[in-house]
Amino acid sequence: MSTTADPLAALATLPGVADSVDSVRKAVDRVYGHRVMRRRSTEVTSEAALRGARGSAALSGADWNLEEVRRRTDFSGADGDPEGPTVGAALRLTAEAGQLLSIWRQSPLRVLARLHLVAAADQDETVGRPRTPGEPVHEPLVELPVPDADEVAGRLEGLAQLIIAGSAAPALVSAAVVHGELLALRPFASHNGLVARAAERIVLVGSGLDPKSICPAEVGHAELGRAAYTAALEGYVSGTPDGMAAWIAHCGRAVELGVRESTAVCEALQRGAA
């Protein structure tokens, strides 16, 4: 990353990033301008939350049909389905993220700890705190080398300082960096992908880009596929200008696909079919 006073804003000047930012902004503006949003935005928000949670769970290995997620009430895994807890964690995180917006800019590490606690939903001693030296990491999607605990602590503190200081960077850039950094670090013993995507959602909503949370980037990430997701992440981890720009563009495309999903929801509501 750049060492300028505003390194996130510096990333916005990378080749191609401005085009991604502009494309996302136009897409978001279009769905917010849909006539259904004037009177039924709450329904669109609820449906976007459900679809976003389904997409995030799919990337963590629990690729359930949307209607199955909608129908089910028990995600404990008590029925022997090992994917149930992952879907349940994604749903809980989606619900919790909206409650943490006011805290994020003041205490991002507190928010991340809370997200992990909500995702894990147990009292294990590793829950709700960054991992310590020697603790293993279970993350089924990301196979990149895992940074050691000391590096994690330092980079988390650096990320927190960037968030608290604020930035002139576009929301897409900030959200992509938060998402990418958390995936690269995998700071918790488990559920890092789910937490990273929930944090991306918090930035997109809290920045004002998507204040009603109707543009689920998680849907787009899932649609683009796990292979493309991990390949783009490798670009972020490389730290090269091209790699960073490719990751930001990938996140932008995911937001646009989330917009497309919610536009379809608006159209269905308008037709009275949902």
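**Close-up views: an aromatic cluster and a helix crossing**

A search of the whole structure finds 3 aromatic pairs, a pair being rings of Phe, Tyr or Trp (its six-membered ring) with centres within 6.5 Å. The model is predicted, with local features requiring pLDDT of at least 70 and side-chain atom pairs pLDDT 80 or more, while totals for chains, interfaces and linings use all residues. Residues are numbered from 1 along each chain as its sequence is written, and side-chain values use heavy atoms, without hydrogens and water.

**View 1. The Tyr-229 and Trp-247 ring pair.** The ring centres of Tyr-229 and Trp-247 are 6.0 Å apart and the planes stand at 50 degrees, so the pair is tilted (stacked is under 30 degrees, edge-to-face over 60, tilted the rest). Tyr-229 belongs to helix α12 (residues 226–238) and Trp-247 to helix α13, so the pair ties together parts 18 residues apart in sequence. Helices are DSSP runs (H or I, at least four residues), numbered from the N terminus.

**View 2. The aromatic cluster.** Tyr-229, Tyr-236 and Trp-247 form one cluster. Tyr-229 is buried at 1% relative accessibility, and Trp-247 is buried at 0% (buried means under 20% relative accessible area, with a 1.4 Å probe and protein chains only).

**View 3. Packing of α3 and α13.** Helix α3 (residues 37–59) packs on helix α13 (residues 241–271) at about 130 degrees, with axes 10 Å apart; axes are lines fitted to C-alpha atoms over the stretch in contact, and angles run from 0 to 180 degrees between N-to-C directions. Contact residues (heavy atoms within 4.5 Å) include Met-37 and Val-44 of α3 and Val-265 and Leu-269 of α13.

Key:
Helix = DSSP H or I, 4+ residues; strand = E, 2+ residues; numbered from the N terminus. Buried < 20%, exposed > 50% of the residue type's maximum accessible area, 1.4 Å probe, protein only.
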